[in-house]
Amino acid sequence: MNTFHLRVLASDDLFFEGECDNLVVPCPDGSFGIQARHANMISAVSPGELRYRPADGDQAGQEQIAAVSSGLVKVENNDVLVLVDTAEHPEEIDANRARRAADAAKEALLQKRSIQEYKVAQYNLARAMSRLRVHSDFENRR
């Protein structure tokens with residue numbers, strides 16, 4: 001069977017655990033895919049859309065999507081661990097709240113502030129935009 005074990009851990013809970021046959025992870029240089037027997041590696045995760053296809057259970061064979069924040073992905077011996085600050089199913093995303101967060105981040109970017117505050121605002125904007133994109137994609141698929 002061409003599957004691997006996937007665990008997606010958000011800072012507050014276990015988001016997903018099970019066998020998968022495909023995973024696409026958002027990274028600083030774009031997205032990359034992971035399949036069974038992928039080479040061992042560690043990489044940064046960027047805020048964006050995580051896509052995975054469970055191999056068993058109710059959702060077997062159906063691609064699932066999630067909005068994730070920054071973190072790390074580790075592939076080791078056909079076991080994949082994704083550690084992120086937050087992970088959300090599209091139906092859990094409050095689009096209005098995400099829009100407000102994006103607007104606040106855009107406003108913070110326009111302010112003359114320290115480099116650290118600017119970087120935090122950039123991160124907040126990237127996270128809000130990825131949440132909106134995941135929510136919008138989900139709504140368009142319905």
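User: Is R7 buried, partly exposed or exposed in this predicted model?
Analyst: This is a predicted model, so keep that in mind. R7 has a relative accessible area of 26%. Buried needs under 20% and exposed needs over 50%, so R7 counts as partly exposed.

User: Which residue does R7 meet in a salt bridge?
Analyst: The R7 side chain sits in strand β1 (residues 4-10), and its partner is in strand β8 (residues 79-84), 72 residues apart. The N to O distance is 3.6 Å, and the cut-off is 4 Å.

User: How far apart are the closest N and O atoms of R51 and E63?
Analyst: R51 is in strand β5 (residues 48-54), while E63 lies in the loop between β5 and β6 (64-68), twelve residues apart. R51 is buried at 18% relative accessible area, whereas E63 is partly exposed at 35%. The two form a salt bridge, with those closest atoms at 2.7 Å.

User: What is the relative accessibility of R131?
Analyst: R131 is in helix α2 (residues 115-141) and pairs with E88 in strand β9 (residues 87-88), 43 residues apart. Their closest N and O atoms are 2.6 Å apart. E88 is buried, at 13%. R131 counts as buried too, because under 20% is the cut-off and its value is 4%.

Key. Residues are numbered from 1 along each chain as its sequence is written. This is a predicted model: local features need pLDDT of at least 70, side-chain atom pairs count only at pLDDT 80 or more; totals for chains, interfaces and linings use all residues. Side-chain values use heavy atoms; hydrogens and water are left out. A salt bridge is a side-chain nitrogen of Lys or Arg within 4 Å of a carboxyl oxygen of Asp or Glu. Helices (H or I, at least four residues) and strands (E, at least two) are DSSP runs, numbered from the N terminus. Buried means under 20% relative accessible area, exposed over 50%, partly exposed in between (1.4 Å probe, protein chains only).
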